Amino acid sequence: MSAYSIPRKVLRKLIYENSMKKISLFIISILSFLSVNAQQEIAAYFASMPDELMPLLEINRRKDLIDLYNNNKEARIENSLKDITSIETLKDNYILLLSDSSRTDIALLPMVNDSYIICMINTVCGPVCDSEIRFFTTEWKLLQKDIFLSPADSEWFIKKDADKTSNEFIYLSSLLDMDLMQYQIDPDKLELLQKYNTPLYLNKSDREKLQPFLKEEPKIYQWNKMRFQ
């Protein structure tokens, strides 16, 4: 049977399943490079991370922040931009850092072989929040993002029953000329939330007209000890 005689829906399913098999095999192959029995406290990894990953807070300031938090003091410190960075939340597997216009989520994610990887989310709000999400080994070596997450594109956030042929939708969608995505992680549920923030960039009138075409809920991924699915 030629590819041309296979229904498009079946062909898409076969391609997706083949992609997932390749991703699973790749994850299994890199597990041997991840440290087993890794220390399960994110504070230690936060303190030891390379300065280039946290240029506003060099190692001594990071250690000071952790000490302040652990001693039940106000965990706030001046960063290299003369702004204030604070620890909002600190758990064994998660730390949340806040400043005036940004936040950083760092989470320790368990893998299937009792090893761990680190998920780091840098979010800048100016004025609309946009995130960069990255994954690292516990030695802070960068990992390939699409192995652990296949992010939804803007199309996912449009209602399935939206009339995409209407003049109003065509006009409004033409204003969405960039993808501003915000990510947040729930360390207790090991869930990742993805929000589509581009509409917030529009003026109030256009934003209100666009709202009926958009889903209200964020995209939610569950960590399955291999990837966010």
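A search through the whole structure turns up one disulfide, a term used here for a pair of cysteine sulfur atoms within 2.5 Å. This is a predicted model, in which local features need pLDDT of at least 70 and side-chain atom pairs count only at pLDDT 80 or more, while totals for chains, interfaces and linings use all residues. Residues are numbered from 1 along each chain as its sequence is written, and side-chain values use heavy atoms, with hydrogens and water left out.

**The disulfide**

The two partners are C125 and C129, whose sulfur atoms lie 1.9 Å apart. Their link is right-handed, with 100° about the S-S bond. In general, a disulfide is a covalent bond between the sulfur atoms of two cysteines.

How covered are these cysteines? Buried means under 20% relative accessible area, exposed over 50%, and partly exposed in between (1.4 Å probe, protein chains only).

| Residue | Relative accessible area | Class |
|---|---|---|
| C119 | 1% | buried |
| C125 | 26% | partly exposed |
| C129 | 17% | buried |

**The chain and its sheet**

The chain holds six helices and ten strands; both are DSSP runs numbered from the N terminus, helices being H or I of at least four residues and strands E of at least two. Of its 229 residues, 42% count as buried. The chain exposes about 13,400 Å², and carbon and sulfur atoms supply 52% of that area (Shrake-Rupley method, 1.4 Å probe; for residues, only the protein chains shown count as cover).

Seven strands make an open sheet in the order β1-β2-β3-β4-β5-β6-β7, with antiparallel pairing. β1 (76-78) and β7 (142-143) stand at the edges with a single partner strand each, so one side of each has no neighbour in the sheet. Helix α3 (residues 59-70) packs on the sheet and touches β1, β2 and β3, its direction making about 55° with that of β2. Here contact means heavy atoms within 4.5 Å, and axes are lines fitted to C-alpha atoms, for helices over the stretch in contact, with angles from 0 to 180 degrees between N-to-C directions.

**A look at β3**

Strand β3 (residues 94-98) runs antiparallel to β2 (residues 84-91), and five bridges join them; two strands pair if DSSP finds at least two bridges between them. A hairpin links β2 to β3 through two residues. On this side, T89 stands opposite L96, and L97 is the bridge partner of I87. Five bridges also pair β3 with β4, again antiparallel, and this hairpin has three residues between its strands. Y94 stands opposite A107 in β4.

Four of the five residues of β3 are buried. L97 is buried too, with a relative accessible area of 3%. Leaving aside neighbours within four places in sequence, L97 is in contact with residues including F46, M54, L65 and R103.

**Two cores**

A nonpolar core is a set of buried Ala, Val, Leu, Ile, Met, Phe, Trp, Tyr and Cys residues joined through side-chain atoms within 4.5 Å. Which residues have the most contacts inside the largest core? In this core of 33 residues, they are L109, F135, I185, L192 and F228. Elements giving two or more residues to this core include β3, β4 (102-110), β5 (116-125) and β6 (129-136). A second, separate core has 24 residues, among them A47, L53, L90 and I118.
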